Amino acid sequence: MIHWLTQTHHEIPACDYLTETELARFQELKTDKRRADWLLGRWTAKRLLQTVIWETNGVTLPLDMITITNNADGVPDYRLPITDHRFSISISHAHGRAFVAATERAHAPIGADIELIQSRPVGFAEEYFTLAEIALGYGLVGQERVVWETAVWSAKEAVLKALHLGLSVNTRAVSCLIEPVAQPPGIWTPFAIRCDNGRLPRPAPPLTGWWRVEDGFVLTIAVG
Ligand SMILES: CC(C)(COP(=O)(O)OP(=O)(O)OC[C@H]1O[C@@H](n2cnc3c(N)ncnc32)[C@H](O)[C@@H]1OP(=O)(O)O)[C@@H](O)C(=O)NCCC(=O)NCCS
């Protein structure tokens, strides 16, 4: 089962919810924007984990007992004062909104991404998308094209996060086969994912993708 939550800056309270480890990390962040995004990501990840731990264990953990960590590559994880550690998480933030997804399996591949729906430069798809993706979007114009390009880009980021690679590899190493739609989906909608292992540093596991639109943003999840 996949759990998810979106939050905005306005939903962060003034109260303390960071652990000492997180406070130390916060002090190291250089810019106001990075600090704001990072805080919103921590807040959203902690709220989601607090909820799913309560749902699965019946335990309500205070937010300042959940530490959200990142490994050297940036991949997020968490530490709890209890030994049970059964979820894998992924974090994304964009334009004052954060999106976090969690799957109920430790070390399972999961990637989440949120993107504001906005038009991209002419030639964006040709630059970053695979031929299979470009073929799906062929002939799309106007807002339909804007939503589709945003969704494919977001899906790629979600897949590359699930593979723990981020944008360290060519975005054409993965194809996110999102069918164009007349109406942006307000519910989770599946899409196929194909990975070109010849372009990846290690073989990718099978992944499935989901996307939806909420308040002018595309949300995507890739999960194995
Ligand atoms: C990972 C990447 C695709 C994120 O895309 P983005 O649009 O800039 O940002 P998003 O808000 O969607 O996602 C950021 C989150 O992705 C996660 N993330 C970062 N690197 C990741 C990776 N290699 N794999 C999985 N998740 C990763 C983090 O949780 C990060 O948020 P946090 O730092 O607040 O915890 C992109 O930043 C990237 O590839 N950067 C290049 C690699 C890099 O600079 N890594 C940093 C090492 S510290």
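## Overall dimensions

For a chain of 224 residues, a compact globule would have a radius of gyration near 17 Å, and the value of 18 Å found here agrees with this. The radius is taken over C-alpha atoms, and the globule rule is 2.2 Å times the number of residues to the power 0.38. The C-alpha trace spans about 50 × 35 × 35 Å along its principal axes.

The model is predicted: local features need pLDDT of at least 70, side-chain atom pairs count only at pLDDT 80 or more, and totals for chains, interfaces and linings use all residues. Numbering starts from 1 along each chain as its sequence is written.

## Secondary structure and packing

The chain contains five helices and 10 strands; these are DSSP runs numbered from the N terminus, with helices (H or I) of at least four residues and strands (E) of at least two. Of the 224 residues, 34% are buried. A residue counts as buried if 20 or more other C-beta atoms lie within 10 Å of its own, as exposed if 12 or fewer do, and as partly exposed in between, with C-beta atoms placed from the backbone.

Among contacts with a separation of 6 or more, 57% link residues 24 or more positions apart; a contact requires C-beta atoms, placed from the backbone, within 7 Å.

## The ligand shell

The shell around the ligand holds 19 residues, of which G74, I91, S92, G166 and L167 come nearest. The elements that give two or more residues to this shell are helix 2 (32-57), strand 4 (88-94) and helix 5 (142-162).

Because domain 1 (2-108) and domain 2 (112-223) both give residues to the shell, the ligand lies between them. The domain bounds come from an automatic or database domain assignment.

Strand 2 (residues 67-70) and strand 3 (residues 76-79) run antiparallel and are joined by four bridges; pairing requires at least two DSSP bridges. Within this pair, I68 stands opposite Y78 of strand 3. Five residues lie between the strands of the hairpin, where G74 takes a positive phi near 100°.

## Two individual positions

T31, in the loop between helix 1 (20-28) and helix 2, is exposed, because 8 other C-beta atoms lie within 10 Å. Its C-alpha atom is separated by 32 Å from that of H85, 54 residues apart along the chain.

A192 belongs to strand 8 (residues 189-195) and is partly exposed, with 13 other C-beta atoms within 10 Å.

Definitions and conventions
A residue is near a molecule or strand if its C-beta atom, placed from the backbone, lies within 6 Å of it. Two residues are in contact if their C-beta atoms, placed from the backbone, lie within 7 Å.
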